[in-house]
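Please look over the sequence and the structure before reading the points below.

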Amino acid sequence: MRHSISSSSAPDQRRGFELQSTALSQNVADSQTWSAGAALVFGALAYHLSSRRLELASELLCWTLLPVVFRIAKQGRNVDGRTKVLPSAHGLVAESGADGSPSTVSLWLVAISITILSVFRAASGFIVLFPALLPLLLVGYRYLRPSLYPHTVPHLSLFPMVTHNTIGAILYAIFAVAALSEWDPLAYATSVVPVVAFFVVYTLLTPQIETSSRWLRSFDIETVVWPLSLRIVPMIAAVIGREAYAIGFPSVNIIETVTLGFAKALTWYYLSRLARDSSWLAAAVASTFGLLATRNPFAQQTDSRALMTVIASLVSLGQTVYLLPKQATAKLRLWALALIPLLPYLVNLIAIQLAQSSAVVHIEEHPVEVLIREAKANFEGLLRNQSDSYSAAYAEYQRRYGFEPPNGFDEWYRFAQEHRSPIIDDFNMISEGIAPFLRLSGNEVNEIITRVYDELDHELWSCVVSGQPAKTQCRHRTRTNDRNNVHFFNNITSKIPTSLDLKFLLNHLDEPTVLIPPPFQQTDKPRITNFGGQRSWEALTKYCSSRKYTTNTARDPPIKTYGLPFVTDRKLDIDLCKHAEYSDMHGLLAAPESLRLLEGLVPVLSSGAPSTMGDLLYPSAAYLQEDRFRYHEEYDMDWDKKQNNLYWAGSTTGGHGYEVKWQSLHRQRFVSLAQNLKARSFSYLRETNGIISQAASSFLNSRLYDVAFTSIKQCDPKACLAQQQYFERKAWASGDRPLHSRLVFDLDGNGISGRYYKLLASRSAPLKQTLLREWHDERLVPWVHYVPVSQGMEELPELVFYLTSTESGRQRAREIAEQGRRWFAQAFRDIDVVIYVYRLLLELARLQDPDRPASQVDVG
């Protein structure tokens with residue numbers, strides 16, 4: 001009986017063993033899919049949370065936590081006897097030394113490579129060439145790990161072809177890299193180093209059977225995570241310490257750093273499990289998925305690149321699924337992770353469609369339309385009211401300024417008429433600038449010019465114009481490079497028919513210099529104060545209370561802007577005395593890189609100046625003498641071929657960047673807005689039931705902006721680092737690159753922007769933000785020849801949306817581009833610059849005439 005029972009129970013025992021074996025296999029298979037899914041999810045999370053600012057600290061935390069993660073996971077597996085040991089997918093055991101220890105050289109190579117990767121990501125962000133890791137590993141397997149190289153011919157379907165076929169993998173990598181970035185040879189070149197570092201890491205973590213060098217032996221990361229961590233952590237800590245010693249400890253958010261550090265540690269753990277189950281090829285494509293799937297579609301600049309990024313991420317997800325072992329169950333469930341890239345992409349498309357569908361319908365009431373209609377009428381009046389005879393021009397001069405024209409005015413008028421100058425009367429910039437100095441006699445003007453040049457610490461050139469034809473000679477106390485100003489003035493005076501004999505002080509720097517005190521506060525001794533790197537607002541506005549205002553801003557009826565600060569009066573918009581809020585919004589006011597403020601009644605020629613300063617304005621030599629700022633027809637294109645977006649690229653000039661304060665400077669504010677780098681509410685105009693009102697939204701259509709810094713400069717080390725980590729930068733671009741876009745932005749640097757004339761002459765529509773007056777202000781009409789932008793830029797999102805995304809707005813933008821181009825060809829010829837400077841020199845000659853007495857004038 002006992003024997004019978006034993007015999008009958010044997011099959012049951014075998015069936016029990018089979019069931020246990022099946023359960024164990026099922027559990028192993030499930031764990032393989034689980035590891036892949038976890039690697040994909042935590043990898044995407046780590047990329048989503050990553051930032052250059054947090055990179056080093058989070059990587060330090062990651063490798064501090066990783067040994068603990070492996071230990072906890074191992075204990076968890078040991079508790080469950082069914083999954084005590086998970087063999088390698090290839091049945092291979094990593095090499096080690098005779099004593100069971102890994103190769104020291106290999107450990108150091110992996111540790112150094114991982115440190116290099118972290119340093120690169122901290123400096124440059126994501127690795128553009130990362131998708132190239134897969135074909136690089138395939139080539140490496142073929143020659144370094146031939147036992148792992150897939151020698152079988154893959155099926156002629158997508159995922160095998162782009163995973164195990166080297167040519168297919170290369171083609172996919174090219175597509176993925178193109179999705180990640182624009183053509184940027186410098187970024188590609190610098191990305192080679194981190195990609196090679198990844199190759200070293202993944203190769204040395206890949207097991208092999210063959211005997212290899214005693215110095216370079218691969219190993220299993222789980223078995224050596226402690227010694228590896230003990231090498232990586234001190235090196236990253238040393239990098240952080242060196243940075244802290246040079247510029248101070250970085251400011252990081254502890255919660256964000258801890259979260260990112262944990263996400264990175266879990267990513268490494270599950271990538272190692274995924275690699276054990278399949279290979280490090282799978283880890284590479286899973287990481288590629290995380291990189292591509294978390295690229296923010298709301299920040300993509302083109303529809304095609306956003307779509308390419310989604311497609312590339314889905315391919316990398318398919319590669320990961322394909323590389324899992326055949327016994328892995330429920331692999332198809334991993335396709336649910338396709339929602340990671342798809343959902344944001346679809347939400348972005350919906351947001352764009354909703355924004356376009358809610359645009360203002362009654363376009364005739366849109367502020368842009370109203371302002372354009374009014375500006376066109378004003379421009380037509382400007383042209384219509386120009387004097388058509390010498391007697392009329394003479395009378396108009398007296399009417400405007402209250403005194404006689406200078407000697408030679410009749411010859412100037414004939415010269416202007418002969419060369420068909422469209423502007424005869426509107427030279428207020430010259431006469432209003434000269435008027436304060438008429439309170440000095442001619443002898444006093446000559447004396448102060450000489451004394452200022454000889455005695456004060458300045459950056460002024462002393463220039464003399466004499467002879468017929470007139471020649472210009474300039475000298476500086478320390479400099480020899482005059483930035484082409486002598487050549488510029490000689491080109492002009494050689495065309496002037498009048499004999500000239502005068503001298504003047506010339507400021508060749510971008511920044512203005514002259515601050516004129518009111519009459520009751522003037523002294524005989526001008527003084528210079530260096531405000532370089534210091535706040536200058538109080539100094540530049542201290543005489544506002546004594547100013548006499550003549551600006552008439554009343555409109556009947558007033559233009560309705562629905563609460564958005566569209567520029568309705570440019571003269572008022574740039575008046576510092578009317579806008580106390582500008583004090584921290586512009587680099588010249590908050591922290592100029594250099595500003596030698598010359599306080600006194602001293603006539604100095606400068607290329608641009610804010611409303612409170614008294615520089616005499618002349619056309620910058622850069623406009624005419626520097627080829628990089630000149631327009632070349634062959635580099636432009638027709639409007640229909642241009643990209644329908646706003647373009648700007650440049651450097652962080654415009655003010656000196658200090659820690660924290662750099663965020664308020666004008667260029668940084670513009671790029672931050674266009675790149676949508678912080679949570680904020682944008683204002684748009686929306687129409688509901690025929691009523692137009694302002695609406696707030698967090699949405700900004702990034703397709704409409706191609707804006708970035710190409711270099712970070714003029715800042716303290718810590719502020720430079722903060723800006724490098726904050727902004728998305730792009731490679732240097734040609735000065736003609738803006739002409740590929742329909743809208744081109746222009747704003748002040750340290751002084752005036754030299755690229756402005758190129759934009760005006762082009763077939764693109766310029767959007768202009770400035771606080772500086774220039775010689776051409778009276779002949780350029782906002783909303784006719786260019787689109788003015790306020791200092792706060794609150795209206796910019798609505799403005800760009802209207803000009804790019806509505807039929808009427810696109811037509812208005814095209815008209816402004818064409819009108820500005822035509823007017824530039826008529827009123828900004830080289831001879832028009834000669835006509836302006838000719839009149840300016842006549843006024844300067846009168847100003848320093850020894851026989852002229854002091855007089856009181858009131859030019860308004």
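A residue is called buried when its relative accessible area is under 20%, exposed when that value is over 50%, and partly exposed in between. By that rule Glu-369 and Arg-812 are both buried. The structure is a predicted model, and the notes below are grouped by topic.

- Glu-369 and Arg-812 form a salt bridge, with their closest N and O atoms 2.8 Å apart.
- This pair connects distant parts of the chain: Glu-369 belongs to helix α13 (residues 367–384) and Arg-812 to helix α27 (residues 807–827), 443 residues apart.

**Salt bridges between partly exposed residues**
- Arg-763 forms a salt bridge with Glu-633, and the closest N and O atoms are 2.4 Å apart.
- Distant parts of the chain are linked here as well: Arg-763 is in the loop between α25 (756–761) and β14 (765–769), Glu-633 is in the loop between α22 (621–625) and β9, and the two are 130 residues apart.
- Arg-763 has a relative accessible area of 23%, so this residue counts as partly exposed.
- Glu-633 is partly exposed too, with a relative accessible area of 38%.
- Glu-659 pairs with Lys-718 in a salt bridge whose closest N and O atoms are 3.5 Å apart.
- Glu-659 sits in the loop between β9 and α23 (666–674), while Lys-718 sits in helix α24 (residues 717–726); the pair links distant parts of the chain, 59 residues apart.
- The relative accessibility of Glu-659 is 46%, which makes this residue partly exposed.
- Lys-718 is partly exposed at 22% relative accessibility.

**Salt bridges overall**
- The count of salt bridges comes to 39.
- A network of salt bridges links Glu-633, Asp-636, Lys-642, Arg-763 and Arg-821.

**Strand β9 and its partners**
- Strand β9 (residues 643–651) is mostly covered, with 7 of its 9 residues buried.
- With strand β12 (residues 705–711), β9 runs parallel and is joined by 6 bridges.
- With strand β13 (residues 741–747), β9 pairs in the parallel sense over 3 bridges.
- Leu-646 stands opposite Tyr-705 in β12, and the bridge partner of Leu-646 in β13 is Leu-743.

**The open sheet β4-β6-β5**
- An open sheet is formed by 3 strands in the order β4-β6-β5, with mixed pairing.
- The edges are β4 (514–515) and β5 (527–530); each has a single partner strand, so one side of each is left without a neighbour in the sheet.
- β4 and strand β6 (residues 596–599) run parallel and are joined by 2 bridges.
- Val-514 stands opposite Leu-598 in β6.

**Nonpolar surface patch**
- Trp-108, Ile-112, Ile-116 and Val-193 make a nonpolar surface patch of about 340 Å².
- Helix α3 (residues 104–124) gives the most to this patch, with 3 residues.
- Val-193 lies in helix α7 (residues 185–204).
- With a relative accessible area of 49%, Val-193 is partly exposed; a residue counts as exposed when that value is over 50%.

Methods: Residues are numbered from 1 along each chain as its sequence is written. This is a predicted model: local features need pLDDT of at least 70, side-chain atom pairs count only at pLDDT 80 or more; totals for chains, interfaces and linings use all residues. Side-chain values use heavy atoms; hydrogens and water are left out. Buried means under 20% relative accessible area, exposed over 50%, partly exposed in between (1.4 Å probe, protein chains only). Helices (H or I, at least four residues) and strands (E, at least two) are DSSP runs, numbered from the N terminus. Two strands pair if DSSP finds at least two bridges between them. Patches are made of residues with over 30% relative accessible area and no salt bridge: like charges are joined within 9 Å, nonpolar side chains (Val, Leu, Ile, Met, Phe, Trp, Tyr) within 5 Å. Accessible areas come from the Shrake-Rupley method with a 1.4 Å probe; for residues, only the protein chains shown count as cover. A salt bridge is a side-chain nitrogen of Lys or Arg within 4 Å of a carboxyl oxygen of Asp or Glu.
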